[in-house]
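Me: I've got a structure open here and would like to go through it with you, one question at a time. Ready when you are.

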Amino acid sequence: MNKAELIELAATKADTTQKVANALLNALIDSITQAVADGEKVTLVGFGSWEARERKARDGRNPKTGEEMKIPATTVPAFSPGKQFKDAVSGKTA
């Protein structure tokens with residue numbers, strides 16, 4: 001499912017227009033992105049949590065040349081699914 005299909009489905013389920021659903025989805029994505037970028041953890045109980053995680057610097061290899069290289073430390077976004085979401089995906093009933 002792509003973003004347009006998600007917007008269409010959300011608009012149908014919420015009994016609203018696709019324009020309103022698009023605006024809400026964009027606002028939600030922007031809000032989550034900004035909060036995580038600011039170092040906050042965003043939790044939607046039952047669905048999951050987004051947070052920024054630190055990756056340590058490490059040694060690696062260039063896959064083309066096999067040459068060793070240093071991979072610098074970085075901050076990456078991470079998502080942890082909630083129990084209800086995991087159960088729904090695995091087919092378990094709550």
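Me: Is Ser49 buried or exposed?
Reply: This is a predicted model, where local features need pLDDT of at least 70, side-chain atom pairs count only at pLDDT 80 or more, and totals for chains, interfaces and linings use all residues. Residues are numbered from 1 along each chain as its sequence is written, and side-chain values use heavy atoms, with hydrogens and water left out. The classes go by relative accessible area with a 1.4 Å probe and protein chains only: under 20% is buried, over 50% exposed, and in between partly exposed. Ser49 has 13% relative accessibility, so it counts as buried.

Me: Which strand holds Ser49, and which residues is Ser49 in contact with, leaving aside its neighbours within four places in sequence?
Reply: Ser49 sits in strand 2, residues 48-55; strands (E, at least two residues) and helices (H or I, at least four) are DSSP runs numbered from the N terminus. Taking contact as heavy atoms within 4.5 Å, and with neighbours within four places in sequence set aside, the list for Ser49 is Lys41, Val42, Thr43, Ala78, Phe79 and Ser80.

Me: Which side chain makes a polar contact with the side chain of Ser49?
Reply: A polar contact is a pair of N or O atoms within 3.5 Å; within protein, one must be able to donate a hydrogen and the other to accept it, and residues adjacent in sequence count only if both atoms are side-chain atoms. For the side chain of Ser49 the distance is 3.2 Å, and the partner is the side chain of Thr43.

Me: Staying in strand 2, is Glu54 buried or exposed?
Reply: Glu54 also has its place in strand 2. Its relative accessible area is 65%, so Glu54 is exposed.

Me: And what does the side chain of Glu54 make a polar contact with?
Reply: Leaving aside neighbours within four places in sequence, Glu54 is in contact with Thr74 and Thr75. The polar contact comes in at 3.0 Å, side chain to side chain, and the partner is Thr75.

Me: How far apart are the C-alpha atoms of Glu54 and Ala78?
Reply: Glu54 and Ala78 are 24 residues apart along the chain. Between their C-alpha atoms the separation is 9.9 Å.

Me: Where is Ala73, and between which strands?
Reply: Ala73 is exposed, at 53% relative accessible area. Apart from neighbours within four places in sequence, Ala73 is in contact with Arg55, Lys56 and Ala57. Its C-alpha atom is 29 Å from that of Leu28, 45 residues away along the chain. As for its place, Ala73 is in the loop between strand 4 (68-71) and strand 5 (74-81).

Me: Over to the helices: which residue caps the N-terminal end of helix 1?
Reply: Helix 1 spans residues 3-13. A side-chain oxygen of the capping residue lies 3.1 Å from the backbone nitrogen of Ala4, and that residue is Asn2.

Me: What is the phi of Asp15?
Reply: Asp15 follows helix 1 and is found in the loop between helix 1 and helix 2 (18-37). With 72% relative accessible area, Asp15 is exposed. Most residues other than glycine have a negative phi. Asp15 is not a glycine, yet its phi is positive, about 55 degrees.

Me: How far apart in space are Val20 and Ile7?
Reply: Val20 belongs to helix 2 and counts as partly exposed, at 37% relative accessibility. Val20 and Ile7 are 13 residues apart in sequence, while C-alpha to C-alpha the distance is 9.1 Å.

Me: What share of the 94 residues is buried?
Reply: The C-alpha atoms fill a box of roughly 55 × 35 × 30 Å along the principal axes. Among contacts with a separation of 6 or more, residues 24 or more positions apart account for 30%. Buried residues make up 17% of the 94.
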